[in-house]
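Here's a quick tour of one chain, going from the whole fold down to a couple of individual residues. Have the viewer open and follow along.

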Amino acid sequence: MLFTLACWGDRMRTTPLVVATAALTLTLAGCGAPGPGVDGKTAAGVRIDRTGAGRLAENGGARRLTGDQTGAIADSIQRAGARNVILIIGDGAANQEYTMARNYQWGAAGRIPGVDDLPLTGEYTTYSLDKTTGKPDYTTDSAAAGSAWSTGTKTYNGAISVDLEGRPQRTILELAKANGLATGNVTTAELQDATPAVQVAHVTHRKCYGPAETAQKCPANAAENGGAGSITEQLLAARADVTLGGGWGTFAQTATAGRYRDRTLAAQAKERGYRIVRSAQELRAVTAADQDEPLLGLFADGNLPRIWDKATATPHGAVAPALRCAPNPRFTAQTPKLGDMTRSAIGLLGAARDGKGFFLQVESASIDKAAHEADPCGQIGETVQLSDAVTVALDYARKQKDTLVIVTGDHAHSTQIVGGGTDTPGLTRTLMTADGAPMTVSYGTSVEAGEQQHSGGQVRIAAYGPGAANVVGLTDQTDPFAVITDQLGLNRKTN
């Protein structure tokens with residue numbers, strides 16, 4: 001795409017403007033010495049990194065937008081049709097969680113790397129459906145939310161990629177694989193948890209992790225009753241090229257029917273040809289993953305540990321001294337960070353299937369889990385992990401112009417930033433931010449720290465790359481299914 005622009009200074013003339021969409025940086029061709037744009041923070045004289053650059057107390061000092069953005073945004077919407085799609089989920093990440101993390105880690109005028117670099121942004125509605133009436137349930141859980149974007153079908157809370165009647169709905173990952181693309185599924189949670197499960201399994205209850213739970217909670221899905229089996233058994237059968245997360249504990253369970261009856265799920269994985277890695281060091285040593293030897297990374301018995309230690313909110317916490325978050329001593333070098341898992345997955349998938357393209361879902365899961373526990377430090381640390389993963393994905397997409405990156409959350413949470421210094425209702429914790437100012441965070445859906453609940457607000461969705469314009473404005477949580485399958489050109493009827 002060519003624009004016309006006058007160059008600066010003594011080189012004032014009309015010249016083609018080359019648009020580098022990958023970096024959203026506009027570069028002047030034929031202008032001699034470089035003008036604005038060469039530092040990656042300005043484009044044709046327009047600041048694009050969206051960091052408040054001045055003194056906050058001065059007129060315009062907190063302004064993020066400098067100049068007209070029309071040219072930069074126009075370049076972001078000119079292309080359609082992607083070879084690769086990377087869908088990144090911040091579980092429990094809505095606007096208040098982003099704001100809290102930005103204030104604490106980067107300052108109120110700062111930006112969340114990667115997340116705030118996405119040029120096109122919208123909001124989507126997140127409601128699920130009541131299983132009995134089919135009417136809206138205004139507060140979704142992660143299972144119904146994930147089922148919505150992975151299949152395009154609204155369903156009830158607790159459902160994993162089935163409709164209100166329990167009928168399986170095909171997922172993006174299944175369709176991508178059927179159409180010859182490489183596929184990946186990465187999470188900081190157990191691989192059986194709702195968000196990773198929605199791409200590879202179809203069960204009527206989200207807790208049907210292994211054969212034991214499935215026999216009790218989802219008997220129609222149990223292998224011994226003619227069903228497809230537990231989430232873990234279906235995950236193995238789905239056979240994504242790269243699968244990384246936690247949940248090793250469930251692999252000790254034993255299959256109750258079929259070819260692998262009386263053998264553990266771990267033994268089944270090995271018999272199916274999976275390469276199993278258990279540490280960050282082993283993951284770094286992997287150089288290939290494909291259908292001949294798919295990669296299964298299992299880095300914890302349950303969820304992966306959070307990178308930051310707990311700082312649980314308490315009654316009257318607003319008047320306690322402000323604190324800074326600390327590293328989690330339980331997060332060791334054996335555990336890969338989300339950015340590293342994302343980098344490994346992208347590298348392996350990019351080389352798989354002779355470069356025919358890939359679909360990858362990545363989740364920072366414990367933003368939500370820390371929010372349920374009224375733990376702002378845990379939330380922020382896992383948002384930092386989300387930021388790292390998005391940065392890795394964007395770095396790849398800026399080099400590979402055929403890659404669409406979409407970043408969103410599954411539901412809002414109870415987190416609120418409130419006035420500090422005085423006692424407030426609910427559970428609170430005051431943190432000292434990067435600005436050197438106190439920030440009080442409140443949780444008000446339960447008087448118990450471990451019982452905080454989701455809230456029903458719409459959630460931010462943002463994107464970069466081919467087809468990114470489809471997230472702009474107000475959409476629904478089911479829309480990403482159509483956007484992603486259309487951009488990848490997937491035949492939804494292929495078996």
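## Helix α12

Let's start with a helix that is mostly under cover: 18 of the 24 residues in α12 are buried. Keep in mind that this is a predicted model. End to end, α12 runs 35 Å from its first C-alpha to its last, close to the 34 Å you'd expect at 1.5 Å a residue.

## The chain as a whole

Zooming out, the chain has 13 helices and 21 strands. Of its 495 residues, 55% are buried. The chain exposes about 19100 Å², and 50% of that comes from carbon and sulfur atoms.

## Where α2 meets α12

Back to α12 (residues 376-399), which has a crossing partner in α2 (residues 95-106): their axes come within 9 Å and cross at roughly 90°. An angle between 65 and 115 degrees counts as roughly perpendicular, so that is the label for α2 and α12. On the α2 side, the contact is made by E97, Y98, M100, A101, Y104, Q105 and W106. The α12 side brings in P376, Q379, I380, T383, V384, L386 and S387.

Sorted by class, the contact between α2 and α12 has nine nonpolar residues, four polar ones and one charged one. As a reminder on helix geometry, there are 3.6 residues a turn, so residues three or four places apart point the same way.

## S387, tucked away

Is S387 buried or exposed? Its relative accessible area is 2%, and buried means under 20%, so S387 counts as buried. This serine sits in helix α12. Setting aside neighbours within four places in sequence, S387 is in contact with W106, I112, P113 and V115. One of these, W106, belongs to the α2 side of the helix crossing.

## Y138, out in the open

The cut-off for exposed is over 50%, so Y138, at 62% relative accessibility, counts as exposed.

Which residues does Y138 touch, leaving aside its neighbours within four places in sequence? They are Y127 and G456. The G456 pairing is worth a look in the viewer: Y138 and G456 are 318 residues apart in sequence, yet their C-alpha atoms are 5.6 Å apart in space.

How values were computed
Residues are numbered from 1 along each chain as its sequence is written. This is a predicted model: local features need pLDDT of at least 70, side-chain atom pairs count only at pLDDT 80 or more; totals for chains, interfaces and linings use all residues. Side-chain values use heavy atoms; hydrogens and water are left out. Helices (H or I, at least four residues) and strands (E, at least two) are DSSP runs, numbered from the N terminus. Buried means under 20% relative accessible area, exposed over 50%, partly exposed in between (1.4 Å probe, protein chains only). Accessible areas come from the Shrake-Rupley method with a 1.4 Å probe; for residues, only the protein chains shown count as cover. Axes are lines fitted to C-alpha atoms, for helices over the stretch in contact, and angles run from 0 to 180 degrees between N-to-C directions. Angles under 35 degrees count as roughly parallel, over 145 as roughly antiparallel, 65 to 115 as roughly perpendicular and the rest as oblique. Contact means heavy atoms within 4.5 Å. Ala, Val, Leu, Ile, Met, Phe, Trp, Tyr, Cys and Pro count as nonpolar, Asp, Glu, Lys and Arg as charged, and the others, Gly among them, as polar. The expected span of a helix is 1.5 Å times one less than its number of residues.
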